[in-house]
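Visitor: I have a model open here and would like to talk it through. Can we start with the overall picture and then go into details?

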Amino acid sequence: MDKSAPEPAPAAAAEEVAARFRSLVDPDDVASIRQTQHLILGRLQDSNAVLTHFNEYSEQCFAEVSSDFASKTRLLKSMKADLEHIFTKLRGMKARLAATYPDAFPDGAMSKTMDQRPDLESPLD
């Protein structure tokens, strides 16, 4: 039987592999990368602190104005409903006037004056 060189123990083989990997990488490069990573970590922590503070401030401001915003929204909806009712009544009155006094309005004049308000439901271009 052939006897080959004795096999190294697993721990010794691992040490050999680790030593060869360490020889491939320059220690100054590793130190530079670690320093850069540390600098980036500090900047990210600072940014996180600033964003956390801003988020807390925004939450506080929103809490202050949300009730006022809700009441103004209800007021605007109520005003819109009132105006729609008024315009409906005005259109009815104009139609009755046109039916009662057809000579007072030339042909086509009523269609132009019936409803000149903008459509508030359509999106703006």
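Predicted model: local features only at pLDDT ≥ 70, side-chain atom pairs only at ≥ 80, totals over all residues.

Visitor: What secondary structure does the protein have?

Guide: The protein has three helices and zero strands. From the N terminus on, the order is α-α-α.

Visitor: What is the mean pLDDT of the protein?

Guide: The mean pLDDT is 85, and 78% of the residues reach 70 or more.

Visitor: Where is confidence lowest, and where is it highest?

Guide: Confidence is lowest in helix α3, residues 109-113, with a mean of 59. The highest value belongs to α2, at 94.

Visitor: How much of the protein is buried?

Guide: Buried residues account for 1% of the 125 residues. The protein exposes about 11,800 Å², and carbon and sulfur atoms supply 61% of that area.

Visitor: Let's take α1. How many residues does α1 have, and what span does it reach?

Guide: Helix α1 has 15 residues and reaches 21 Å from its first C-alpha to its last. That is close to the 21 Å expected at 1.5 Å a residue.

Visitor: Does α1 lie in the open or under cover, and why?

Guide: Zero of the 15 residues of α1 are buried, so the helix lies largely in the open.

Visitor: Switching to charges. How many salt bridges are there?

Guide: A search of the whole structure finds three. One of them joins the side chains of Glu16 and Arg20, at 2.8 Å from N to O.

Visitor: Where do Glu16 and Arg20 lie?

Guide: Both are in helix α1, four residues apart, which is about one turn of the helix. An α-helix has 3.6 residues a turn, so residues three or four places apart point the same way.

Visitor: How exposed are Glu16 and Arg20?

Guide: Glu16 has a relative accessible area of 42% and is partly exposed. Arg20 is at 57%, which makes Arg20 exposed because the cut-off for that class is over 50%.

Visitor: And which residue forms a salt bridge with Lys72?

Guide: Asp68 does, with the closest N and O atoms 3.7 Å apart. Lys72 and Asp68 are four residues apart in helix α2, so about one helical turn separates them. Lys72 is partly exposed at 46% relative accessible area, and Asp68 is partly exposed at 40%.

Visitor: Which residue does Glu84 meet in a salt bridge?

Guide: The side chain of Glu84 meets that of Lys80, at 3.7 Å from N to O. Glu84 and Lys80 also sit in helix α2, four residues apart and separated by about one helical turn. Glu84 has 36% relative accessibility and counts as partly exposed. Lys80 counts as partly exposed too, at 31%.

Visitor: Now the nonpolar side. Which residues form the nonpolar patch on the surface?

Guide: Val17, Phe21, Leu24, Val25 and Val30 form the patch. Together they have about 490 Å² of accessible area.

Visitor: Which element gives the largest share of the patch?

Guide: Helix α1, residues 10-24, contributes the largest share, with three residues.

Visitor: And where is Val25 found?

Guide: Val25 is in the loop between α1 and α2, and α2 covers residues 27-100.

Visitor: Why does Val25 count as partly exposed?

Guide: Its relative accessibility is 44%. Partly exposed covers values between the buried limit of under 20% and the exposed limit of over 50%, so Val25 falls in that class.

Key:
Residues numbered from 1 in each chain as written. Heavy atoms only, no water. Patch = residues over 30% accessible without salt bridge, like charges linked within 9 Å, V, L, I, M, F, W, Y side chains within 5 Å. Areas by Shrake-Rupley, 256 points an atom, 1.4 Å probe, with all protein chains shown as cover. Salt bridge = Lys/Arg side-chain N within 4 Å of Asp/Glu carboxyl O. Helix = DSSP H or I, 4+ residues; strand = E, 2+ residues; numbered from the N terminus. Buried < 20%, exposed > 50% of the residue type's maximum accessible area, 1.4 Å probe, protein only. Expected span 1.5 Å × (residues − 1). pLDDT = per-residue confidence, 0-100.
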